[in-house]
Amino acid sequence: MTSLTLSAILPHLRPPPCKLGEQVCQEADTRQLAILYASLLLGALGAGGIRPCVVAFGADQFDESDPKQTAKTWKYFNWYYFVMGVSILVAVTVLVYIQDNIGWGWGLGIPTIAMFLSIIAFIGGYPLYRNLDPAGSPFTRLLQVSVAAFRKRKLAMVSDPKLLYQNDELDAPISIGGKLLHTIHMKFLDKAAIVVEEDNFKQGQAPNLWRLNTVHRVEELKSIIRMGPIWAAGILLITAYAQQSTFSLQQAKSMDRHITKSFQIPAGSMSVFTMTSMLTTIVFYDRIFVPVARKFTGLERGISFLHRMGIGFVISILATLVAGFVEIKRKQVASAHGLINSHQPIPIPVFWLVPQYSLHGIAEAFMSIGHLEFFYDQAPESMRSTAMALFWTAISVGNYASTLLVTLVHKFSAGSDGSNWLPDDNLNKGKLEYFYWLITLLQVANLIYYLICAKMYTFKPIQANIKEISDSKESGVELAIKV
């Protein structure tokens with residue numbers, strides 16, 4: 001943020017400003033572009049480190065062993081997303097106004113100063129935080145289980161799962177909140193917990209984890225694998241959501257955005273309606289919906305995160321369906337005024353786009369926060385930051401999927417005259433409504449896929465830890481025989 005701000009302030013780090021009316025503006029040179037790209041890259045790396053960890057770290061401040069605090073974790077996700085939404089709302093309104101009317105120096109400098117103050121607040125609050133000690137790389141443990149299971153792939157399963165290797169003392173640092181119990185799925189991974197003579201296993205010593213793992217560590221890998229299909233279901237919602245900053249933005253630019261004769265809404269600020277509807281939905285959900293739903297379901301959080309995600313998927317389908325019909329209306333008005341082949345603004349209020357923007361905001365309040373809850377709740381205790389990274393990765397993949405989908409539509413809808421559904425020069429000549437309906441159909445298929453995954457999903461079984469860790473009983477281990 002500092003280097004980005006300096007690139008906007010210092011004259012030698014940016015090209016000279018263009019005077020009004022000039023046809024050709026001086027482009028940035030290689031050094032100036034390098035500083036700009038390096039600043040953006042540093043920002044991306046910083047966000048990649050902050051976003052997954054801040055969610056899990058904040059939720060970790062609630063002690064799950066205290067029944068009075070456990071129920072508050074889901075509230076944290078609501079208000080975390082609410083605060084993030086408010087910050088985005090400020091960014092697309094106040095900061096955009098400052099950038100356009102005062103200058104990019106202040107427009108970038110203000111969030112830089114805010115970031116600096118946040119670091120001071122973070123460090124100053126350190127003594128108040130509930131910190132969990134690191135317990136090794138989760139990726140190493142997942143790889144160890146995979147390697148051990150592969151090495152023992154030819155073994156026959158033990159007669160009783162209770163005879164699989166367990167060691168509470170070994171697992172203590174990665175199971176503070178509770179130990180994962182054995183599940184009957186993916187039995188081939190259970191072979192990583194079978195003891196054989198080649199393991200050179202000695203009582204009272206830690207085993208070679210590349211050959212032998214505990215049930216808890218095997219179940220960690222199973223939990224991550226089980227989360228995969230639900231993770232994938234969230235990608236298409238982001239693909240639909242991404243159209244707000246692409247084609248919905250182009251729609252807004254072509255419509256009448258005037259509120260008064262002298263003021264019009266910037267096309268880029270239409271996302272205000274998304275943020276506003278999302279924030280309103282979060283407040284409604286937390287203060288009204290949950291207490292009412294709790295009376296019918298008996299669940300502390302009102303409905304499960306899987307149900308919450310499902311509601312978000314349905315609303316997202318409505319958003320793209322509505323967007324298609326609004327596009328038809330927009331082109332009808334353009335045709336009625338003879339503006340199909342023109343780039344002039346179409347005399348139709350931009351507020352026709354408010355329903356699709358608002359529905360996307362409502363869908364995000366349900367689906368994205370439900371997705372966060374799902375990852376935090378169902379991820380192994382020692383992998384929650386990793387699970388939060390999966391959430392942000394789904395958002396990234398969803399945006400890349402949007403780019404891929406547009407590329408495919410350009411290719412397969414191309415006509416002999418060079419036209420396609422999504423023309424670059426004039427949206428009025430295209431078939432944007434077909435594209436929206438294509439996304440709608442994909443989302444319907446995705447919803448069916450999600451419902452199947454949610455129906456088949458197995459929640460992780462966990463047993464609360466006893467404070468005094470007892471020594472594992474090695475005498476209950478059965479040696480396997482190769483077949």
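How close do the axes of helix α4 (residues 73-101) and helix α14 (residues 354-378) come, and at what angle do they cross? In this predicted model, local features need pLDDT of at least 70 and side-chain atom pairs pLDDT 80 or more, while totals for chains, interfaces and linings use all residues. Residues are numbered from 1 along each chain as its sequence is written, and side-chain values use heavy atoms, leaving out hydrogens and water.

The two axes come within 10 Å and cross at roughly 135°. Here helices are DSSP runs of H or I, at least four residues long, numbered from the N terminus, and axes are lines fitted to C-alpha atoms over the stretch in contact, with angles from 0 to 180 degrees between N-to-C directions. On the α4 side, the contact (heavy atoms within 4.5 Å) includes W74, F77 and Y81, which meet a set in α14 including S368, I369 and L372.

Together with F374, Y81 touches the most other members of the largest nonpolar core, which has 58 residues. Such a core is a set of buried Ala, Val, Leu, Ile, Met, Phe, Trp, Tyr and Cys residues joined through side-chain atoms within 4.5 Å, where buried means under 20% relative accessible area, exposed over 50% and partly exposed in between, with a 1.4 Å probe and protein chains only.

Another tyrosine, Y126, sits in the loop between α5 (104-124) and α6 (138-151). Y126 is partly exposed, at a relative accessible area of 49%.

How values were computed: Helices (H or I, at least four residues) and strands (E, at least two) are DSSP runs, numbered from the N terminus.
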